[in-house]
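The sequence and the model come next.

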Amino acid sequence: MQISAEVRSLYFADLANTYAVRKQWITGISFFLSSGAAATLIGKLPAYVPIVLSLIVAVVTAYSIAVNLDSKIRTMVKLHIGWTQIGNDYKRLWNHTYAEDAESEFEDLQRREEEFSEIATTEAPNDGKRMLRWTDQVFKQHRLENA
């Protein structure tokens, strides 16, 4: 379970990074194309170029708003942090299996897993290829065989 939590943590960190980079590109392109320097450069090009570039800015800005990239980034970060904490708590529980509260700690971890899985199911993409890449990475790191 600790390994599974680590895989999920890295998966959601990767998604958060992907969305953040996408947002930075959209913001950078939008700022550049709406700047005076871009207007000067574009002014010397054929008349259809400013129209096409304006349409591109409108489309990428609409995409950013429509998919709510800021919210997606926050959600992926929340999932990354949550799964990291779950993994750390499993590790701590593994080292204290005979503690009096071990059973209740385990039940709490299962409840938290369900909460984060529900969020992931409704708000995160199911990218099997990306998940497999992180599974392989974690298994190699822990010198385990991937089934």
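This is a predicted model: local features need pLDDT of at least 70, side-chain atom pairs count only at pLDDT 80 or more; totals for chains, interfaces and linings use all residues.

Residues are numbered from 1 along each chain as its sequence is written, and side-chain values use heavy atoms, without hydrogens and water.

Start with helix α4 (residues 69-94) and helix α5 (residues 102-123), whose axes come within 10 Å and cross at roughly 160 degrees. Therefore α4 is roughly antiparallel to α5 (an angle over 145 degrees). Axes here are lines fitted to C-alpha atoms, for helices over the stretch in contact, with angles from 0 to 180 degrees between N-to-C directions. Helices are DSSP runs (H or I, at least four residues). Contact (heavy atoms within 4.5 Å) involves W83 and I86 of α4 and F106 and F116 of α5, among others.

Now the charges. The structure holds nine salt bridges (a side-chain nitrogen of Lys or Arg within 4 Å of a carboxyl oxygen of Asp or Glu). One joins K23 and D70, at 3.5 Å from N to O. K23 sits in helix α1 (residues 2-33) and D70 in helix α4, 47 residues apart.

R111 pairs with D108, with the closest N and O atoms 2.5 Å apart. Both lie in helix α5, three residues apart, about one turn. R111 also meets E115 in a salt bridge, at 2.4 Å from N to O. D89, R92, D108, R111, R112 and E115 are linked in a network of salt bridges.

Methods. Helices (H or I, at least four residues) and strands (E, at least two) are DSSP runs, numbered from the N terminus. Angles under 35 degrees count as roughly parallel, over 145 as roughly antiparallel, 65 to 115 as roughly perpendicular and the rest as oblique.
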